[in-house]
Amino acid sequence: MSDQNYNFAYLDEQTKRMIRRAILKGLAIPGYQVPFASREMPMPYGWGTGGVQVSAATLTPDDTFKVIDQGADDTTNAVSIRKFFERTANVATTEETAKADVIQTRHRIPEAELREDQILVYQVPIPEPLRFLEPRETETRKMHALEEYGLMHVKLYEDISQHGAIATSYAYPVKVEGRYVMDPSPIPKFDNPKMDMPAIQLFGAGREQRIYAVPPYTKIVSLDFEDYPFEATKAEHACDLCGSTHSYLDEVILDDQGNRMFVCSDTDYCRSRRAAGHVGRLGTENELEASA
Amino acid sequence: MYVAVKGGERAIDNAHAWLAEERRGDTSVAELSTDQIREQLSLAVNRVMAEGSLYDPDLAALAIKQSRGDLIEAIFLIRAYRTTLPRFGASLPVETADMACDRRISATFKDVPGGQVLGPTFDYTHRLLDFKLAADGEVAPAATSEPRTEPTPHVTGFLGQDGLIQDETPSDETPRDITREPMSYPADRATRLQNLTRGDEGFILSLAYSTQRGYARNHAFVGELRIGKVAVEMEIPELGFAIEIGEMELTECETVNQFAGSKTEPPQFTRGYGLVMGQTERKAIAMALVDRALRWKELGEDFLGAAAQDEEFVLSHSDNIQATGFLEHIKLPHYVDFQAELELVRKLRAEAEQNVATKEAAE
């Protein structure tokens, strides 16, 4: 059900052109935050207006679109954004990572490896990795221009001296192709190593009016020290539904006795594994048929 | 067993249906019409127009109805609608000197050419609940007289004649459009004023109040406050001249502030300026005070570290749609990030406990 009262993918063509220019500039200067004239969208700031604008400027009528939030296709905001594009762009949608041309995500990178013909669009709340060290934009822009990232290393060092480890578990800063320090959006640091990927990665921050990008096969290094190397961590369990030991897990509290289960945060990955016959501790052989 | 949240789509649909029902309220009570909102809740309509940056009382009334009276939500609806409207041109600057004033007061002079006109103000009402309104809101018509036809010159103009107040440098430069260009710092005054006029009334009010209480105090007098209708004119390229395309109600406030001056420069009063759509007096006065506080550099004052002087702080936090969006988004799921934090805290705790155990064993 396409809504004829709006242009394809909601935004007018001029606006999409302006956003595409920002995306191209971002791809040309990997990790650099490009200011763009973010529009007011019909969903609130903080709900993914940046990602939605980037997706709107990226989608073509032939594309298949996937939206995930926390790795899952059926979380409420993922449903809401998917419906928005079904309505305003009439594009095909999918929950299967491999079938999507454009994937908009909040807080996760899919477990399945992405391909060269795919685009991953991140929703970004605070694009500036230095923001919590220096609240002023005028200062942080200068710091990026001068490649002055000492403050960030001092912060990581202070973490180690206080906690014995780098106490950042998500939105873990990365250095892009040896130049810009970049916020990977609030993905768990487990996902950081995946960012060196064949797909294009685009980052949209609507409220903060910034777009940045990582071209395919760009070198992404999570900041660390020689004696305290970066470590991608996850819950030390296997998925209780599909048995995977390599996927990022959500912890679900089952009862007031402290019983928990761990399940894949990437629902499509978990579903496809179970479809292929993998069974975890609490999964059952025929559960997919039962729920279908 | 599968306990992870499923069925987001149905949950959303049901939530929306319930919301619509709650909005309507008890169906045995007559439904509110948007005409009633526009006419009888006009100050709410004005605020929504001002902060929504769209002058359309009917749409603002609709937004208030749809938002159940949540004005920030109504402003959001207007903003989201506004952003889809095509831009076919820009009006000429409005002439507030030619305003047909409903209200016009000066706090700096007992009387001024054009007179002190109180207009429809709450100022001297006693804030006593009028229980008659609960039963019957009909009122007798107010007294009328012939509208004045002579112009109402700006009060600050009289001070300017004697050089007592600092001149504003005129400029024909097209101001930036903050809805079409990303904000960058430092921002010029036109940009700052645009930001302030659509900024949240409560935020601007509190900042202005903070200057009065000593955080970058600037001793503001309300030189003039005027509310009324101005003509909106636009040059039509095909015609080659400007025609009036409508009129809008505005509130304008000019403050007269403490004088600057040095041994070589004679002291002069300085200005703050507020201009807001509709009858929005509190906002216009507050805007003028904050505008004045933000001008410290240009007027050769010291930065005192006050919030109202800090351009980046003020301009990047004034927008209530941005603020409420980012604030409320923390209720969206964050369990992936929380899980990462949980693992980290568990790991750090385990290490700390182990350190204690090793230490005790050694002792």
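Six salt bridges link chain B and chain A. A salt bridge here is a side-chain nitrogen of Lys or Arg within 4 Å of a carboxyl oxygen of Asp or Glu. One of them joins the side chains of Lys83(A) and Asp13(B), at 2.7 Å from N to O.

The model is predicted: local features need pLDDT of at least 70, side-chain atom pairs count only at pLDDT 80 or more, and totals for chains, interfaces and linings use all residues. Residues are numbered from 1 along each chain as its sequence is written, chains are lettered from A and ligands numbered from 1 in the order in which they are written, and side-chain values use heavy atoms, with hydrogens and water left out.

**Where the chains meet**

Between chain B and chain A, 19 residue pairs are in polar contact, both residues at pLDDT 80 or more. Such a contact is a pair of N or O atoms within 3.5 Å; within protein, one must be able to donate a hydrogen and the other to accept it, and residues adjacent in sequence count only if both atoms are side-chain atoms.

Which elements of chain B give two or more residues to the side that touches chain A? They are α1 (8–24), α5 (71–82), α12 (320–328) and α13 (335–362). Helices (H or I, at least four residues) and strands (E, at least two) are DSSP runs, numbered from the N terminus. α13(B) gives the most, with 13 residues. By class, this side of chain B has 20 nonpolar, 10 polar and 17 charged residues. Ala, Val, Leu, Ile, Met, Phe, Trp, Tyr, Cys and Pro count as nonpolar, Asp, Glu, Lys and Arg as charged, and the others, Gly among them, as polar.

**Two interfaces in numbers**

Contact means heavy atoms within 4.5 Å. Buried area is the accessible area (1.4 Å probe) that two parts lose on being put together, summed over both.

| Interface | Residues in contact | Buried area | On carbon and sulfur |
|---|---|---|---|
| Chain B and chain A | 47 residues of chain B, 61 residues of chain A | about 4,600 Å² | 58% |
| Domain 1 and domain 2 of chain A | 14 residues of domain 1, 11 residues of domain 2 | about 920 Å² | 50% |

**Inside chain A**

Chain A has domain 1 (13–222) and domain 2 (234–286). The bounds come from an automatic or database domain assignment. The C-alpha centres of these two domains of chain A are 27 Å apart. Domain 1 and domain 2 of chain A bury about 920 Å² between them. On the domain 1 side, Arg108(A), Glu111(A) and Phe190(A) lose the most area to domain 2, together 47% of what that side buries. Zero salt bridges are found between the two domains of chain A. Seven residue pairs there are in polar contact, both at pLDDT 80 or more. The side of domain 1 that touches domain 2 has five nonpolar, three polar and six charged residues.

Glu177(A) has a phi near 50°, a positive value in a residue other than glycine. Glu177(A) sits in the loop between β6 (174–176) and β7 (180–182) of chain A.

**Inside chain B**

Chain B is assigned domain 1 (2–82), domain 2 (96–135 + 144–324) and domain 3 (333–362). The C-alpha centres of domain 2 and domain 3 of chain B lie 55 Å apart.

An unreviewed UniProt entry lists residues 335–362 of chain B as "coiled-coil region". UniProt positions follow the numbering used here, feature names are shortened, and annotations may be inferred rather than shown by experiment. In the model, residues 335–362 of chain B are 100% helix and 0% strand, with the end C-alpha atoms 40 Å apart.

The whole structure holds 55 salt bridges over all chains. Among them, Arg79(B) pairs with Asp319(B), the closest N and O atoms being 3.0 Å apart. Arg79(B) lies in helix α5 and Asp319(B) in the loop between α11 (311–317) and α12 of chain B, so the pair ties together parts 240 residues apart in sequence.

Tyr185(B) and Pro186(B) are joined by a cis peptide bond, with omega about 0°. Pro186(B) is in the loop between α7 (155–161) and α8 (189–197) of chain B. Most residues other than glycine have a negative phi, and most peptide bonds are trans.
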